[in-house]
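Hi,

Here's the structure I promised to pass on to you. Have a look at it first, and then read my notes below.

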Amino acid sequence: MNNYIIFTDSACDIPAATLKEWGVEHRSLTFRFDGSEKEYFDGEIPSKDFYDKMRAGGIAKTAAINVDTFAAEFEKILKDGTDVLYIGFSSGLSTTFNSGRLAAEQLREKYPERKIIAVDSLAASAGFGLIIHLVLEKKAAGATIEEAAAYVEEIRNKLCHWFTVDDLVYLKRGGRVSAAAAFFGNALGIKPVLHVDNEGHLVPVTKVRGRKTAIKALADKFDELAVDHKGGTIYISHGDCLDEVNMLVNIIKEKHGVDVELITNVGTVIGAHSGPGTIALFFIGTEK
């Protein structure tokens, strides 16, 4: 029996319309700009408008999804006689997954005849989205809910997240770099290259001089780590900088002859912490 729904959250940065096409249910994290009482769902504001507001000095504060919201959504599915596999935003970056896990625990007691499994993706943005995509392929091939959950745990530490940001001020706000490092780094054109580690935390790895060098560094990580340079699935997400994304796409295409399967926006919730100009590359590697 293959009667289960994959449920996720908006931090996967896959557009809601695409998730619907995939048959995936989701709920959105939220954000608000400083000084405003208006709360928005992730993706409610067009990406360009959001990043333009950030460029103008706007500071967005984000909020995780709470237990009650997850419980209400999960229960609708369970009542219909369908099991739930929740794949959540990295617990190393948000409390959202823990909310989903607690909601699942509560509902197991209420619906003992149903299966509800929560799995931490240890991933973010379109890397998280790539995990959803790969699990859907397993489901379509007949994987049970238990097999699909085990597959997430198998691939999550091989899902490479390599990214760079254009302005260090956003990492400074999140405590990733010091105020002095952000000031002098921006003044000198220093661009960090970062990834998400095996615990799902954002980790700075190296620093390079200049934007083009940073973009090339992402392509170099694909060269170094990708399991399949010719046929592996590649996703890219970005913070309103499509021209520079195309530069990365072309480097990979020219060297390996492989196309990027999906290019998507870094959503408003993750973008609040990484800023405009973020470019992130995702693929399956020999290690994370």
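Let's start with a pair of helices. Helix 3 (residues 67-79) and helix 4 (residues 96-110) have axes that come within 8 Å and cross at roughly 45°. That makes helix 3 oblique to helix 4, and the crossing is right-handed. On the helix 3 side, the contact is made by V67, F70, A71, F74, E75 and L78. Helix 4 brings T96, S99, G100, L102, A103, A104, Q106, L107 and K110 to it.

- Helices (H or I, at least four residues) and strands (E, at least two) are DSSP runs, numbered from the N terminus.
- Axes are lines fitted to C-alpha atoms, for helices over the stretch in contact, and the angles run from 0 to 180 degrees between N-to-C directions.
- Angles under 35 degrees count as roughly parallel, over 145 as roughly antiparallel, 65 to 115 as roughly perpendicular, and the rest as oblique.
- A crossing is right-handed if the near helix is turned clockwise from the far one by less than a right angle, and left-handed if anticlockwise.
- Contact means heavy atoms within 4.5 Å.

Before you go further, keep in mind that this is a predicted model, where local features need pLDDT of at least 70 and side-chain atom pairs count only at pLDDT 80 or more, while totals for chains, interfaces and linings use all residues. Residues are numbered from 1 along each chain as its sequence is written, and side-chain values use heavy atoms, with hydrogens and water left out.

There's another helix pair to look at. The axes of helix 9 (residues 211-225) and helix 10 come within 10 Å and cross at roughly 40°. That makes helix 9 oblique to helix 10, and helix 9 passes helix 10 in a right-handed crossing. Among the residues making this contact are I215, L218 and F222 of helix 9 and M247, L248 and I251 of helix 10.

Now the cores. A nonpolar core is a set of buried Ala, Val, Leu, Ile, Met, Phe, Trp, Tyr and Cys residues joined through side-chain atoms within 4.5 Å. Buried means under 20% relative accessible area, exposed over 50%, and partly exposed in between (1.4 Å probe, protein chains only). The largest nonpolar core has 68 residues, and F50, F74, L85, I87 and V135 touch the most other members. Helix 5 (residues 125-140) gives the largest share of this core, eight residues. Apart from it lies another core, of 24 residues, including C160, V208, L218 and I252. As for I87, its contacts beyond four places in sequence include I6, F7, V119, F128, V135 and V152.

On to the sheets. Two strands pair if DSSP finds at least two bridges between them.

Strand 8 (residues 159-164) and strand 13 (residues 279-284) pair in the antiparallel sense over six bridges. In this pairing H161 stands opposite F282, and C160 stands opposite F283. Strand 11 also pairs with strand 13 in the antiparallel sense, over four bridges, and there S237 stands opposite A280. Five of the six residues of strand 13 are buried, so it is largely enclosed by the rest of the structure.

The other open sheet I noted has three strands in the order 4-3-5, with antiparallel pairing. Strand 3 (residues 30-33) and strand 4 pair over two bridges, and T30 stands opposite F41.

Finally, a few single residues. Phi of L122 is near 55°, a positive value in a residue other than glycine. L122 sits in the loop between strand 7 (116-120) and helix 5, and is buried at a relative accessible area of 9%. D240 isn't a glycine either, and has a positive phi of about 60°. You'll find D240 in the loop between strand 11 (235-238) and helix 10 (242-256), partly exposed at 23% relative accessible area. Y51, in helix 2 (residues 47-55), is buried at 0% relative accessibility and has D240 among its contacts.

Cheers
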